[in-house]
Amino acid sequence: MSGIETRRHRGVGESVLRPDGTLKVTGEFAYSSDLYLADMIWGVTLRSPHPSAWIRSIDIGPALAMPGVYAVLTHEDVPGARFYGLDRRDQPVLAVDQVRYQGEPVALVAADHPERARRAAEAVVVEYEVREAVTDPRRAAFDASCPSVHESGNVLRHQPVRVGSTFEAPVVVTGEYEVGMQDQAFLGPESGLAVPAEDGGVDLYVATQWLHADREQIAPCLGLPEEKVRLSLAGVGGAFGAREDLSMQVHACMLALRTGRPVKIVYNREESFYGHVHRHPARMRYEHGATRDGRLLYVRAEILLDGGAYCSTSPAVVGNAASLGVGPYEVGNVWIDAYGVYTNNPPCGAMRGFGAVQACYAYESQMDRLAEACGISPVEVRIRNAVSQGSTLATGQVIDSPAPLAEMLRELAAMPLPAAPGDPGAPDLLGMPGGVSQTTHGEGVRRGVGYGVGIKNICFSEGFDDHSTARVRVELIGGEPHVLVHTAAAEVGQGLLMVQEQIARTELGIDAVTVAQADTSVGSAGSSSASRQSYVTGGAVRAACEAVRERLGKLTSDGSSLVEALERAGAVEETREYRHRPTFPLDPLTGQGDSHTQLALCVHRAVVDVDVELGLVKVVELAAVQDVGRIMNPLALEGQIHGGSAQGLGLALMEEIQVRDGLVLNPSFTDYLIPTILDMPPMRLSIMENPDPNAPYGLRGAGEPPTLSSTPAVAAAVRAATGLRLPRVPIRPHDIALEGIPLEGGAPDG
């Protein structure tokens, strides 16, 4: 077209720097916890110390009598609906007659100083009648004598998958596996600022993953129409799924409307551990049957996910675990039962990998056992069973885009290994297990190599109306064309602002692009989860840009320049929605259905050194091969793979919320350990581009798959070094250092 050309400089496919990156590195970026208004006051939440109890009385008098206190609220002060929730409205704004987990909100306080608010909250007198806590998920699911956490019963969802009828094979391997409760461990605690408005509504500035879903839950609880509850995204210090659910949103708004003052709430680190959902801990039983040369004939599995006290996204997590429960392998006979259950443990919900992580650890552990039983290599057994384009999953869904798993595995296996201990170029003592503590000079240190494969659904599944809205405006600013992109998509650290800019530059050929603050004045963009925003919001931005480009083409069809056309016409603006192809719910009896939009693959190889005497593990190297369809930004993509691998390594070796009798024992970064720069090894990456014809630009969501395959790869490497079965992650030092039961052939068994 005349006057406007598609431009790729700083567009799609380039390593464009993030617009928020420099500010975050220099410390100038404003996070939600930095929000400030001159007349604001502070909100604090009083939480239950018990995992299960009746509330017999609440006395707020002592707190109200304290100087500087503006309000003390209980469930009786909730203006509208008393319950909210993403999937089921089962979670009270403030506990009504009972508490179902340690840390459940019971009362709110607003005061002129955060310390005064905390002291006032401590002065609220709550009389509890403690009762038996349901903490064993197996008992909750299958024991008829177990108390019900909710009147509806303890089973949130049971999703079977049934294919075929032959469950006999020459080679059979069985195993029971466990995954601990992992925390998202974002560095920016829950925080936000609620400001009462003149129209009787409220403006909320908050760190979240899904502005419109927040508003849909907040407004009924406040007794307000949605148009009077306006949300704007404040700076987000990480999310990984934990900000999909509400935390302080309704509480801050209630206090602001009651006091007529802006109210800020910022959780401390301990409260953050109580204030958001975690990754579901899982108990799994698997049985794999195969031919003697390692080709799968059947898989049986029971996957039990502990959802904790409230529903959150547990039903969808169960759906993912069930549908992806055999991994990216061709198998003709499948019998899976996946369950999500209520307990009085901390609530669990979305976390990077969303149900696929737990299943991946189990089925990959089984593939290693199958390789051992058949006398073939761990890589070969995976290649022989690998899916490809045209393969049918256990749910009956056909993979209709490239899935070069066998090629990926061969490329991974061909990558050079790091130098062995003692070889030239091998790490010095500081690179040994124990690191700077220098607990070893190499004695008792053994090396192991392990592999992991993961398959993850991209975008929302099972018939959800998954869409995004984008508004794109082109106008002259200072005599030059400028693009404004406006969506409600949350930038949570994944680089979405940058991708929106790149798409606008590519489609409109205009270098000056600004992405407006995300808020609810534009249509929903859905959640920043499920690796979906580049796909869905990227698709919406592209569609809006195409509509703008079409109008600009007409304006410049007479040969005039873009500047001249905009001088005549003024701003050109278009809004578009983008929806991916439809998905369908899994059949509740057979688990059959085209439930997923897109599937992504990642494979990992881990090399570890293990001090078998002290149980210390050093990950020497991680290598990964991932197919991303189309690279939108090479530098950002590498960061996503590194980050996902770090969280997978953490789950393999150190990250676990310790819960005993429903009580959290380690709600701090002193005792909840996450990988540091000293724990993360060098990484070798190979990134493939096999475009998905159904996706914008052919891209494939990339943020979650590395979290799946890195955990079993690290665990497999530790097993290879120690000879122990190690059926549970995280693998703890005492799992390794304690003498195991000998296996047949003399190797120890954990």
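This is a predicted model: local features need pLDDT of at least 70, side-chain atom pairs count only at pLDDT 80 or more; totals for chains, interfaces and linings use all residues.
Side chains of opposite charge can pair when their charged atoms come close. The count of salt bridges comes to 46. One of them links Arg47 and Glu271, whose closest N and O atoms are 2.9 Å apart. Because Arg47 belongs to strand 1 (residues 41-47) and Glu271 to helix 7 (residues 269-275), this pair ties together parts that are 224 residues apart in sequence. Arg47 is buried, at a relative accessible area of 14%, and Glu271 also counts as buried, at 14%.

A further salt bridge is formed by the side chains of Arg162 and Asp337, at 2.9 Å from N to O. Arg162 is found in strand 9 (residues 155-163) and Asp337 in strand 17 (residues 333-342), so parts that are 175 residues apart in sequence are tied together by the pair. Arg162 is partly exposed, with a relative accessible area of 23%, whereas Asp337 is buried, with 11%.

The second largest pocket holds about 730 Å³ of space. It is lined by 32 residues, of which Leu616, Val617, Met654, Leu673 and Asp679 are the closest to its centre. Two or more lining residues come from each of strand 24 (616-627), helix 15 (634-653) and helix 17 (733-737). Strand 24 gives the most to this lining, with four residues. Sorted by class, the lining of the second largest pocket consists of 19 nonpolar, eight polar and five charged residues.

Helix 15, one of the elements that line this pocket, has 20 residues. At 1.5 Å a residue, helix 15 should span 28 Å, and the distance between its end C-alpha atoms is 29 Å, which agrees. At the start of helix 15, a side-chain oxygen of Asn633 comes to within 3.2 Å of the backbone nitrogen of Leu635. The buried residues of helix 15 include Leu637 and Ile641. Also among them are Gly644, Ser645, Ala646, Gln647, Gly648, Leu649, Gly650, Leu651, Ala652 and Leu653.

Conventions
Residues are numbered from 1 along each chain as its sequence is written. Side-chain values use heavy atoms; hydrogens and water are left out. On a 1 Å grid over the protein atoms alone, a cavity is a set of points where a 1.4 Å probe fits but cannot get out, and a pocket is an open set with protein on both sides within 12 Å along at least five of seven lines; lining residues have an atom within 4 Å of a point. Grid points are joined across faces, edges and corners, and a volume is the space filled by probe spheres set on the points. Ala, Val, Leu, Ile, Met, Phe, Trp, Tyr, Cys and Pro count as nonpolar, Asp, Glu, Lys and Arg as charged, and the others, Gly among them, as polar. The expected span of a helix is 1.5 Å times one less than its number of residues. Buried means under 20% relative accessible area, exposed over 50%, partly exposed in between (1.4 Å probe, protein chains only). A polar contact is a pair of N or O atoms within 3.5 Å; within protein, one must be able to donate a hydrogen and the other to accept it, and residues adjacent in sequence count only if both atoms are side-chain atoms. A salt bridge is a side-chain nitrogen of Lys or Arg within 4 Å of a carboxyl oxygen of Asp or Glu.
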